[in-house]
Amino acid sequence: MADENGFEITQHQGAWDIRMWWPSGVVTGGPQRITIEQAENAPARDVARGISTTVLRRLDLAEAVRAMQEHAPSIEEEARQISQAIEEAGKGAGQLLALQGVSAPYLVVLSTVYVQMANIGATRPVDWLAQLIERRPETVRDHLKKARRDGYLSSLAGKAGGELTDKARAVLDSMPEAGDGG
């Protein structure tokens with residue numbers, strides 16, 4: 001089941017539903033998130049006892065990984081589509097740079113693409129962005145620093161990515177949609 005830019009498998013153990021989540025892309029190991037919740041119509045007495053070690057021991061990670069890998073071709077196709085959308089958005093940032101220079105819309109689109117790249121676990125997102133906008137990686141780093149200084153992009157200490165700020169979302173909301181003719 002698709003969920004939050006990833007996929008989820010649920011196993012039922014007694015009074016509990018165990019949900020395991022993987023990000024979109026190739027499945028190379030166990031889930032990145034496991035959530036255990038009361039199953040629908042679970043007996044109140046079993047829920048009151050809480051999650052036991054027996055429930056955890058019965059968790060079948062190997063089966064969950066196998067099930068995810070069986071779905072890998074469709075997951076890989078979705079990953080390809082996501083990468084293609086990111087590439088198109090990155091090229092759009094390059095067009096904004098060519099037309100407007102280092103403007104607020106350019107910085108926000110660049111930041112948006114950068115965050116998307118980081119969220120899918122892209123290796124070397126700055127290098128990928130540099131290729132898409134046809135600039136050097138150092139230039140992209142400088143532009144991302146400016147986006148942070150100007151309040152469009154938050155930072156994550158020691159990691160690629162960040163989050164778009166409300167200020168960035170306001171710029172995105174004020175931009176004409178692609179295909180509006182504007």
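Lys 145 lies in helix 7, where helices (H or I, at least four residues) and strands (E, at least two) are DSSP runs numbered from the N terminus. This is a predicted model, in which local features need pLDDT of at least 70 and side-chain atom pairs count only at pLDDT 80 or more, while totals for chains, interfaces and linings use all residues. Residues are numbered from 1 along each chain as its sequence is written, and side-chain values use heavy atoms, with hydrogens and water left out. The secondary structure of the protein comes to eight helices and three strands, and from the N terminus on these elements run β-β-β-α-α-α-α-α-α-α-α.

**The protein as a whole**

- Buried residues make up 35% of the 182 residues in the protein, where buried means under 20% relative accessible area, exposed over 50%, and partly exposed in between (1.4 Å probe, protein chains only).
- The accessible surface of the protein comes to about 11000 Å², of which carbon and sulfur atoms account for 49%; such areas come from the Shrake-Rupley method with a 1.4 Å probe, and for residues only the protein chains shown count as cover.
- Among contacts between residues at least 6 apart in sequence, 47% join residues that are at least 24 apart, a contact being heavy atoms within 4.5 Å.

- Strand 1 (residues 6–13) and strand 2 pair in the antiparallel sense over eight bridges, and two strands are said to pair if DSSP finds at least two bridges between them.
- Within this pairing, Gly 6 stands opposite Pro 23 in strand 2, and Glu 8 stands opposite Trp 21, also in strand 2.
- The hairpin formed by strand 1 and strand 2 has two residues between the strands, and in it Gly 14 takes a positive phi near 60°.
- Strand 2 is also joined to strand 3 (residues 33–38) by six bridges, and these two strands run antiparallel, with Asp 17 standing opposite Glu 37 in strand 3.
- Six of the eight residues of strand 1 are buried, so strand 1 is largely enclosed by the rest of the structure.
- In strand 2 (residues 16–23), six of the eight residues are buried, so strand 2 too is largely enclosed by the rest of the structure.

**One face of helix 3**

- The buried residues of helix 3 (residues 61–70) are Ala 64, Val 65, Ala 67 and Met 68.
- Seen down the axis of helix 3, these buried residues fall within an arc of 160°, so they line one face of the helix; the arc is that of the directions from the helix axis to the C-beta atoms.

**Charges over rings, and ring pairs**

- Arg 33 lies over the face of Trp 21, at 4.5 Å from the ring centre; a charge sits over a ring if NZ of Lys or CZ of Arg is within 6 Å of the ring centre and within 35 degrees of the ring normal.
- The charged end of Lys 167 sits over the ring of Tyr 152, 5.0 Å from its centre.
- The count of aromatic pairs comes to zero, under a rule by which rings of Phe, Tyr and Trp (its six-membered ring) pair if their centres lie within 6.5 Å, with planes under 30 degrees apart counted as stacked, over 60 as edge-to-face and the rest as tilted.

- Tyr 152 is found in the loop between helix 7 and helix 8 (166–174), and at 8% relative accessibility Tyr 152 counts as buried.
- Leaving aside neighbours within four places in sequence, the residues in contact with Tyr 152 include Ala 104, Leu 107, Val 108, Leu 164, Lys 167 and Val 171.
- Tyr 152 and Leu 164 are 12 residues apart in sequence and 5.9 Å apart in space, C-alpha to C-alpha.

**Positive phi in loops**

- Asn 41 is found in the loop between strand 3 and helix 1 (44–48); its phi is near 65°, a positive value in a residue other than glycine, and Asn 41 is exposed, with a relative accessible area of 73%.
- Glu 134 has its place in the loop between helix 6 (125–133) and helix 7 (137–149); its phi is near 60°, again a positive value in a residue other than glycine, and Glu 134 is exposed, with a relative accessible area of 67%.
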